Amino acid sequence: MTKAIVDTAAIPGWGVDADPDNNPAYPMRHIEDQQTRGLTWERPALQRPTVEILRSIEHNRLPAVLGTSTPPEGLSGAIRRYAFRRSESDWWHWLLLMGADRLNVLEGVAQDLARGKVPNVPAELGWRSELRHNPAGIAKKAGVALALGAALFAWSRRTGARSQSSAETPAGTDEPAFPRY
């Protein structure tokens with residue numbers, strides 16, 4: 001088996017950063033003259049966290065500014081804590097975080113209902129904007145939801161009729177198990 005030889009000169013953009021005079025990022029790599037160009041700075045004072053902050057195992061310190069509006073809590077918070085024990089290069093880290101996001105939405109709806117507030121789901125999902133800017137997309141979503149609902153309804157009616165007919169007629173006879181009055 002022979003390897004095909006690739007002409008790199010024929011590939012658009014190949015080696016675009018090979019020439020330091022033609023590389024826009026190259027000056028930033030020179031740290032000798034940063035002082036004269038004003039590129040040195042003092043790290044800002046660290047924000048003191050008032051809630052639990054989850055930190056990646058790849059980073060040895062927190063950033064200067066933290067997001068503290070939604071601390072991890074409940075089952076979604078436990079999933080997030082577990083996800084942050086894994087490396088950012090592990091795809092389970094990201095899947096767990098996405099799952100925790102979805103679960104956090106359900107926890108928020110449950111908290112709203114517990115407080116006696118009914119969430120406005122269409123507004124929170126942006127249906128008005130979707131209808132205005134993407135009517136074909138919302139029509140497609142509504143069609144899929146309607147088709148799935150109809151299929152689920154038909155399936156539940158069929159399985160309900162099957163279980164009801166098997167309870168009415170004993171096996172091997174034409175007589176109902178319970179007399180009808």
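Which residues of helix α3 (residues 74-83) are buried? The legends below start there and then move along the chain.

This is a predicted model, in which local features need pLDDT of at least 70 and side-chain atom pairs count only at pLDDT 80 or more, while totals for chains, interfaces and linings use all residues. Residues are numbered from 1 along each chain as its sequence is written, and side-chain values use heavy atoms, with hydrogens and water left out.

**View 1. The buried side of α3.**
The answer to the opening question is Ser76, Gly77, Arg80 and Ala83. Because these residues cover an arc of only 120° around the axis, they sit on the same side of α3. The arc is that of the directions from the helix axis to the C-beta atoms. As background, an α-helix has 3.6 residues a turn, so residues three or four places apart point the same way. Here, buried means under 20% relative accessible area, exposed means over 50%, and partly exposed is in between (1.4 Å probe, protein chains only). The buried residues of α3 pack against α4 (91-114).

**View 2. How α3 and α4 meet.**
Two packed helices are described by the angle between their axes and the distance between the axes. For this pair, the axes come within 8 Å and cross at roughly 170°. Axes are lines fitted to C-alpha atoms, for helices over the stretch in contact, and angles run from 0 to 180 degrees between N-to-C directions. The two helices, α3 and α4, are therefore roughly antiparallel to each other. By the cut-offs used, angles under 35 degrees count as roughly parallel, over 145 as roughly antiparallel, 65 to 115 as roughly perpendicular and the rest as oblique. On the α3 side, the contact is made by Gly74, Leu75, Ser76, Ile79, Arg80, Tyr82 and Ala83. Facing them from α4 are His93, Leu96, Leu97, Ala100, Asp101, Leu103, Asn104 and Glu107. Contact means heavy atoms within 4.5 Å. The residues of this contact divide into eight nonpolar, four polar and three charged. In that count, Ala, Val, Leu, Ile, Met, Phe, Trp, Tyr, Cys and Pro are nonpolar, Asp, Glu, Lys and Arg are charged, and the others, Gly among them, are polar.

**View 3. A closer look at serine 76.**
Serine 76 is part of helix α3 and, at 2% relative accessibility, counts as buried. Leaving out residues up to four places away in sequence, serine 76 touches Ala100, Leu103, Asn104 and Glu107.

Let's zoom in on the loop that joins α2 (34-37) to α3. Arginine 43 is found in this loop and is partly exposed, at 35% relative accessibility. Beyond its neighbours within four places in sequence, arginine 43 is in contact with Arg61, Leu62, Pro63 and Ala64. The C-alpha atoms of arginine 43 and proline 63 are 9.8 Å apart, although the two residues are separated by 20 residues along the chain. Leucine 66 also lies in the loop, and at 10% relative accessibility leucine 66 counts as buried. Setting aside neighbours within four places in sequence, leucine 66 has contacts with Gln47, Pro49 and Ile53. Leucine 66 and glutamine 47, 19 residues apart along the chain, have their C-alpha atoms separated by 6.8 Å. Threonine 70, another residue of the loop, is exposed, with a relative accessible area of 63%.

Valine 121 belongs to helix α5 (residues 121-124) and is partly exposed, with a relative accessible area of 40%. Valine 109 is twelve residues from valine 121 in sequence and 9.3 Å from it in space, C-alpha to C-alpha. Glutamate 130 has its place in helix α6 (residues 127-133). A polar contact of 3.3 Å joins the side chains of glutamate 130 and lysine 141. A polar contact is a pair of N or O atoms within 3.5 Å; within protein, one must be able to donate a hydrogen and the other to accept it, and residues adjacent in sequence count only if both atoms are side-chain atoms.

**View 4. The whole chain.**
Stepping back, the chain has seven helices and zero strands. Helices (H or I, at least four residues) and strands (E, at least two) are DSSP runs, numbered from the N terminus. Of the 181 residues in the chain, 11% are buried.
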